[in-house]
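Please open the structure in your viewer and keep the selection tool at hand.

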Amino acid sequence: AGEPVLLVQRSGDVLELRLNRPSARNAISMALRDALCEALDLALVDMSVREVRLTGTGPDFCAGGNLNEFGQVSDPATAHWIRM
């Protein structure tokens, strides 16, 4: 399965989220987006999390959306939701 696309680490009241797709300049893929949403949902419901740090592995923080995945969904509503 390879490396996880998002590394999540908790240290006290700090939740660190590290984008982990350095070969793609940490571009946000569908898998990374889903992992980020899950981790941020955790931060919303866990009142002991006082800080969220978002970083990237490698020299780039994030190149934006993964352009290779745009247009892969035939349903326009789902495609719009994915882009948002």
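Which residue in β2 is the bridge partner of Ser-11? Select Val-14, for that is the partner of Ser-11. The model is a predicted one, in which local features need pLDDT of at least 70, side-chain atom pairs count only at pLDDT 80 or more, and totals for chains, interfaces and linings use all residues. Residues are numbered from 1 along each chain as its sequence is written, and side-chain values use heavy atoms, without hydrogens and water.

Next, select β1 (residues 6-11) together with β2 (14-19). These strands pair in the antiparallel sense over six bridges; pairing requires at least two DSSP bridges between two strands. They form a hairpin with two residues between them, and Gly-12 in the turn has a positive phi of about 65°.

Arg-18 stands opposite Thr-55 in β3. From β2 the chain crosses through α1 to β3, a right-handed β-α-β crossover (clockwise from the first strand over the helix to the second, with the strands pointing away from the viewer). Helices (H or I, at least four residues) and strands (E, at least two) are DSSP runs, numbered from the N terminus.

Now select Ser-29, in the loop between β2 and α1 (30-45). Finally, display Arg-21, Asn-66 and Glu-69, which Ser-29 touches (heavy atoms within 4.5 Å), not counting residues up to four places away in sequence.
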